[in-house]
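Hi everyone, thanks for coming. Let me put something on the screen and we'll walk through it together.

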Amino acid sequence: MTASPIRPARPGDAEALSLLDHTTWSTVHAVTPRPQPPFDPFFDADHRPEDYLVADLGDGPVGYIRIGFPTRLACNRHVRQIQGLVVAESVRGRGIARALLRAACDEARRRGAVRMTLRVLGHNGPARALYTSEGFAVEGVLPGEFLIDGAYVDDVFMGRSLLAG
(Lines give C-alpha, C1' and ligand atoms only; values in the text may rest on other atoms or scores of the structure.)
Protein backbone atom coordinates (compact mmCIF):
# COMPACT_ATOMS: atom_id res chain seq x y z
CA MET A 1 0.00 0.00 0.00
CA THR A 2 1.51 3.32 -0.98
CA ALA A 3 -0.84 5.56 0.98
CA SER A 4 -3.80 4.86 3.19
CA PRO A 5 -6.56 7.40 3.58
CA ILE A 6 -6.14 8.29 7.23
CA ARG A 7 -8.64 10.66 8.77
CA PRO A 8 -9.78 11.78 12.20
CA ALA A 9 -12.47 9.59 13.74
CA ARG A 10 -16.04 10.85 13.72
CA PRO A 11 -18.79 10.10 16.25
CA GLY A 12 -20.57 8.08 13.55
CA ASP A 13 -17.61 5.67 13.40
CA ALA A 14 -18.38 4.26 16.87
CA GLU A 15 -20.29 1.18 15.76
CA ALA A 16 -17.77 0.21 13.06
CA LEU A 17 -14.81 0.76 15.41
CA SER A 18 -16.47 -1.27 18.15
CA LEU A 19 -17.06 -4.13 15.72
CA LEU A 20 -13.44 -3.89 14.55
CA ASP A 21 -12.29 -4.07 18.17
CA HIS A 22 -14.35 -7.18 18.90
CA THR A 23 -13.46 -9.05 15.72
CA THR A 24 -9.71 -8.45 16.08
CA TRP A 25 -9.46 -9.21 19.81
CA SER A 26 -6.56 -11.56 20.54
CA THR A 27 -4.34 -12.54 23.46
CA VAL A 28 -1.40 -11.49 21.26
CA HIS A 29 -2.20 -7.86 22.09
CA ALA A 30 -4.99 -7.75 24.70
CA VAL A 31 -4.58 -8.02 28.45
CA THR A 32 -8.30 -7.77 29.16
CA PRO A 33 -10.75 -10.66 28.78
CA ARG A 34 -12.55 -11.12 25.45
CA PRO A 35 -15.36 -8.53 25.36
CA GLN A 36 -18.87 -9.91 25.75
CA PRO A 37 -22.20 -8.27 24.95
CA PRO A 38 -23.61 -5.93 25.95
CA PHE A 39 -20.57 -3.91 24.83
CA ASP A 40 -19.64 -0.60 26.39
CA PRO A 41 -19.88 2.42 24.08
CA PHE A 42 -16.74 2.78 21.96
CA PHE A 43 -16.53 6.51 22.62
CA ASP A 44 -16.90 7.87 26.14
CA ALA A 45 -15.44 10.65 28.31
CA ASP A 46 -12.00 8.98 28.32
CA HIS A 47 -12.09 7.75 24.70
CA ARG A 48 -13.21 10.65 22.50
CA PRO A 49 -13.35 10.68 18.69
CA GLU A 50 -10.58 13.30 18.59
CA ASP A 51 -8.22 10.78 20.24
CA TYR A 52 -8.44 8.46 17.21
CA LEU A 53 -7.21 8.38 13.66
CA VAL A 54 -9.00 5.99 11.31
CA ALA A 55 -7.93 4.17 8.16
CA ASP A 56 -10.87 4.24 5.78
CA LEU A 57 -10.52 2.65 2.34
CA GLY A 58 -13.91 3.94 1.21
CA ASP A 59 -16.35 1.54 2.84
CA GLY A 60 -15.77 2.59 6.44
CA PRO A 61 -13.02 2.07 9.00
CA VAL A 62 -10.61 -0.84 8.54
CA GLY A 63 -8.22 0.28 11.26
CA TYR A 64 -7.58 2.85 13.94
CA ILE A 65 -4.92 4.20 16.24
CA ARG A 66 -5.57 5.94 19.55
CA ILE A 67 -3.31 8.74 20.76
CA GLY A 68 -3.47 9.77 24.39
CA PHE A 69 -1.48 11.21 27.25
CA PRO A 70 0.53 8.70 29.30
CA THR A 71 -0.50 10.49 32.52
CA ARG A 72 -2.65 13.41 33.63
CA LEU A 73 0.43 15.28 34.91
CA ALA A 74 1.14 18.69 33.39
CA CYS A 75 4.88 18.01 33.51
CA ASN A 76 4.65 15.37 30.77
CA ARG A 77 2.13 16.97 28.43
CA HIS A 78 4.90 17.02 25.81
CA VAL A 79 4.57 13.23 25.51
CA ARG A 80 1.85 11.32 23.68
CA GLN A 81 1.24 7.60 23.88
CA ILE A 82 -0.15 5.09 21.40
CA GLN A 83 -2.97 3.47 23.37
CA GLY A 84 -4.34 1.14 20.75
CA LEU A 85 -3.63 0.12 17.17
CA VAL A 86 -6.05 -2.18 15.32
CA VAL A 87 -6.23 -3.27 11.69
CA ALA A 88 -8.86 -5.60 10.24
CA GLU A 89 -7.46 -9.01 9.33
CA SER A 90 -8.83 -8.69 5.79
CA VAL A 91 -6.49 -5.77 5.01
CA ARG A 92 -3.37 -6.72 6.97
CA GLY A 93 -0.10 -6.70 5.09
CA ARG A 94 -1.04 -3.61 3.07
CA GLY A 95 0.85 -1.03 5.16
CA ILE A 96 -2.19 0.28 7.02
CA ALA A 97 -0.69 -0.14 10.50
CA ARG A 98 2.47 1.66 9.37
CA ALA A 99 0.41 4.48 7.82
CA LEU A 100 -1.61 4.84 11.01
CA LEU A 101 1.55 4.89 13.13
CA ARG A 102 3.16 7.55 10.95
CA ALA A 103 -0.02 9.64 10.94
CA ALA A 104 -0.22 9.38 14.73
CA CYS A 105 3.35 10.64 15.11
CA ASP A 106 2.60 13.51 12.72
CA GLU A 107 -0.60 14.37 14.61
CA ALA A 108 1.15 14.21 18.00
CA ARG A 109 3.88 16.50 16.66
CA ARG A 110 1.21 18.88 15.33
CA ARG A 111 -0.32 18.95 18.82
CA GLY A 112 3.02 19.96 20.33
CA ALA A 113 4.42 16.60 21.40
CA VAL A 114 8.15 15.99 21.23
CA ARG A 115 8.04 12.34 22.24
CA MET A 116 5.85 9.29 21.56
CA THR A 117 5.66 6.18 23.73
CA LEU A 118 3.75 2.92 23.71
CA ARG A 119 3.44 -0.39 25.51
CA VAL A 120 3.43 -3.72 23.69
CA LEU A 121 3.28 -7.30 24.90
CA GLY A 122 6.60 -9.08 24.67
CA HIS A 123 5.15 -11.93 22.60
CA ASN A 124 3.73 -9.61 19.93
CA GLY A 125 6.62 -9.94 17.48
CA PRO A 126 4.94 -8.34 14.44
CA ALA A 127 3.98 -5.20 16.38
CA ARG A 128 7.42 -4.92 17.98
CA ALA A 129 9.08 -5.25 14.56
CA LEU A 130 6.83 -2.53 13.12
CA TYR A 131 7.54 -0.15 16.00
CA THR A 132 11.28 -0.78 15.78
CA SER A 133 11.25 -0.14 12.01
CA GLU A 134 9.53 3.21 12.70
CA GLY A 135 12.21 4.39 15.13
CA PHE A 136 10.84 3.18 18.45
CA ALA A 137 13.34 1.66 20.86
CA VAL A 138 12.79 -0.53 23.90
CA GLU A 139 13.12 1.71 26.95
CA GLY A 140 12.06 -0.74 29.62
CA VAL A 141 10.63 -4.16 30.25
CA LEU A 142 8.45 -5.42 33.10
CA PRO A 143 9.23 -9.15 32.99
CA GLY A 144 6.24 -11.45 33.41
CA GLU A 145 3.91 -8.52 34.10
CA PHE A 146 0.83 -10.27 32.71
CA LEU A 147 -0.49 -13.82 33.00
CA ILE A 148 -2.15 -14.59 29.66
CA ASP A 149 -3.41 -18.06 28.74
CA GLY A 150 -1.32 -19.58 31.54
CA ALA A 151 1.95 -17.92 30.46
CA TYR A 152 3.74 -14.93 31.92
CA VAL A 153 4.19 -12.20 29.33
CA ASP A 154 6.49 -9.17 29.45
CA ASP A 155 5.17 -5.61 29.22
CA VAL A 156 7.57 -3.79 26.90
CA PHE A 157 7.84 0.01 26.95
CA MET A 158 9.00 1.64 23.73
CA GLY A 159 9.51 5.27 22.77
CA ARG A 160 10.93 7.64 20.22
CA SER A 161 11.63 11.30 19.71
CA LEU A 162 9.32 13.30 17.48
CA LEU A 163 11.91 16.01 16.93
CA ALA A 164 13.46 16.28 13.50
CA GLY A 165 17.01 15.26 13.51
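I'll go through the sheet, then one of its strands, then the helices.

Quick housekeeping: this is a predicted model, where local features need pLDDT of at least 70, side-chain atom pairs count only at pLDDT 80 or more, and totals for chains, interfaces and linings use all residues. Residues are numbered from 1 along each chain as its sequence is written, and side-chain values use heavy atoms, with hydrogens and water left out.

So, the sheet: it's open, with seven strands in the order S1-S2-S3-S4-S5-S7-S6 and mixed pairing. Strands here are DSSP E runs of at least two residues, helices are H or I runs of at least four, and both are numbered from the N terminus. Two strands pair if DSSP finds at least two bridges between them. At the edges you've got S1 (6-8) and S6 (137-148), each with a single partner strand, so one side of each has no neighbour in the sheet.

Now look at S2, residues 52-56, which pairs antiparallel with S3, residues 61-68, over five bridges. Val54 has Tyr64 as its bridge partner, and Tyr52 has Arg66. S1 also runs antiparallel to S2, with three bridges; there, Ile6 partners Ala55.

Is S2 covered on one face or both? Both: Tyr52, Val54 and Asp56 on one side, Leu53 and Ala55 on the other, are all buried, meaning under 20% relative accessible area with a 1.4 Å probe, protein chains only.

Last, helices: H1 (14-24) packs on the sheet, touching S2, S3 and S4 (79-87), where contact means heavy atoms within 4.5 Å.

Conventions:
Axes fitted to C-alpha atoms, helices over the stretch in contact; angles between N-to-C directions. Buried < 20%, exposed > 50% of the residue type's maximum accessible area, 1.4 Å probe, protein only.
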